[in-house]
Amino acid sequence: FEEVVEDLHWWKVHYELRYQQLESLLQVEQPSLLDIGCSFGYFLETGQEHGWRVLGVEPSAYAVRHARTLGVPVVHDFLTASNAMNLEQVHTVHLDQVLEHLSNPREILQTCNNLLLQGGILCVTVPNDYSPLQYAATQEGYPSWWLAPPEHINYFDVQSLSKLVSSCHLEVVKTTSSFPMELFLLMGLDYTRDAGLGRRCHHMRVKLETALLRHQPDLLAQLYESMQQLNIGREITLYARKS
């Protein structure tokens, strides 16, 4: 939590960019969003600040208590097909770092589809694993550090994620990636064994992105979209439409 607060300005800028992307895809007045696994509520808070109607679902009581201090509505629960019937349909369903933890990601995506209004957008972010950069790092002697059972029980690349989402009758309309942290390993900075070094590497990434967001935001967006085409980047963010 302390690290989230320390990086909050950087997170909020990225959240604002995500909402801008969603608004460009939706083109509706007073858009609504359901954030599944909303954590401490900062993504919901950003949406409220930009005029969205938002609701979160979060299983962690600690995270729910904090989110509610921000003034955002949050349901303390896991989302299921059964309790989803008590929720209103929305323009956007958002899942950030959720699917990798679930035993049946297809089931939750089918539930998300039912919660979307016609023409609505599903936005999913997951770690990008088994990438070419990770392969190169393992060939240099690094272990497969991204394998993290029991916390992570599913592993995706853009092809497998797109196939899964499409199987739930959603049309993939855009994919992008994030900074490829594995580059630090290939430059000899082993952040996987040193939490302090990991934070320093993260701060270098933040400094780079902050500078580009300030001076060349379109370049940063194009850079990460291009990286996704090469299947590199630490995360995948996918947008899909309910047609």
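This is a predicted model: local features need pLDDT of at least 70, side-chain atom pairs count only at pLDDT 80 or more; totals for chains, interfaces and linings use all residues.

Residues are numbered from 1 along each chain as its sequence is written, and side-chain values use heavy atoms, with hydrogens and water left out.

Now to the charges. Side chains of opposite charge can pair when their charged atoms come close. Here a salt bridge is a side-chain nitrogen of Lys or Arg within 4 Å of a carboxyl oxygen of Asp or Glu, and the whole structure contains eleven of them. One joins Arg193 to Asp190, with the closest N and O atoms 2.5 Å apart.

Another salt bridge brings Asp7 and Arg199 together at 3.2 Å, N to O. This pair links distant parts of the chain, 192 residues apart, with Asp7 in the loop between helix 1 (2-6) and helix 2 (8-26) and Arg199 in helix 9 (residues 195-215). Helices here are DSSP runs of H or I with at least four residues, strands are E runs of at least two, and both are numbered from the N terminus. Asp7 counts as buried at 6% relative accessibility, and Arg199 does too at 16%. Through shared partners, salt bridges join Glu3, Glu6, Asp7 and Arg199 into one network.

A further salt bridge connects Arg234 with Glu182 at 3.8 Å, N to O. Arg234 lies in the loop between helix 10 (217-229) and strand 7 (235-241), and Glu182 in helix 8 (residues 182-186), so the pair ties together parts 52 residues apart in sequence. Both Arg234 and Glu182 are buried.

Next, the nonpolar interior. A nonpolar core is a set of buried Ala, Val, Leu, Ile, Met, Phe, Trp, Tyr and Cys residues joined through side-chain atoms within 4.5 Å. The largest has 29 residues, and those with the most contacts inside it are Val93, Leu95, Leu99, Leu109, Leu122 and Leu161. Among the elements that each supply at least two residues of this core are strand 4 (90-96), helix 5 (105-115) and strand 5 (116-127). Apart from this core lies another, of 21 residues, including Leu33, Phe40, Phe43 and Trp52.

Finally, follow helix 10. Its 13 residues reach 19 Å from first C-alpha to last, close to the 18 Å expected at 1.5 Å a residue, where the expected span is 1.5 Å times one less than the number of residues. Its buried residues are Leu220, Tyr224, Met227 and Gln228. They cover an arc of only 105° around the axis, which puts them on the same side of helix 10; the arc is that of the directions from the helix axis to the C-beta atoms. On the other side of helix 10, Asp218 and Gln229 are exposed. Just after helix 10, Asn231 takes a positive phi of about 60°.

Technical notes:
Buried means under 20% relative accessible area, exposed over 50%, partly exposed in between (1.4 Å probe, protein chains only).
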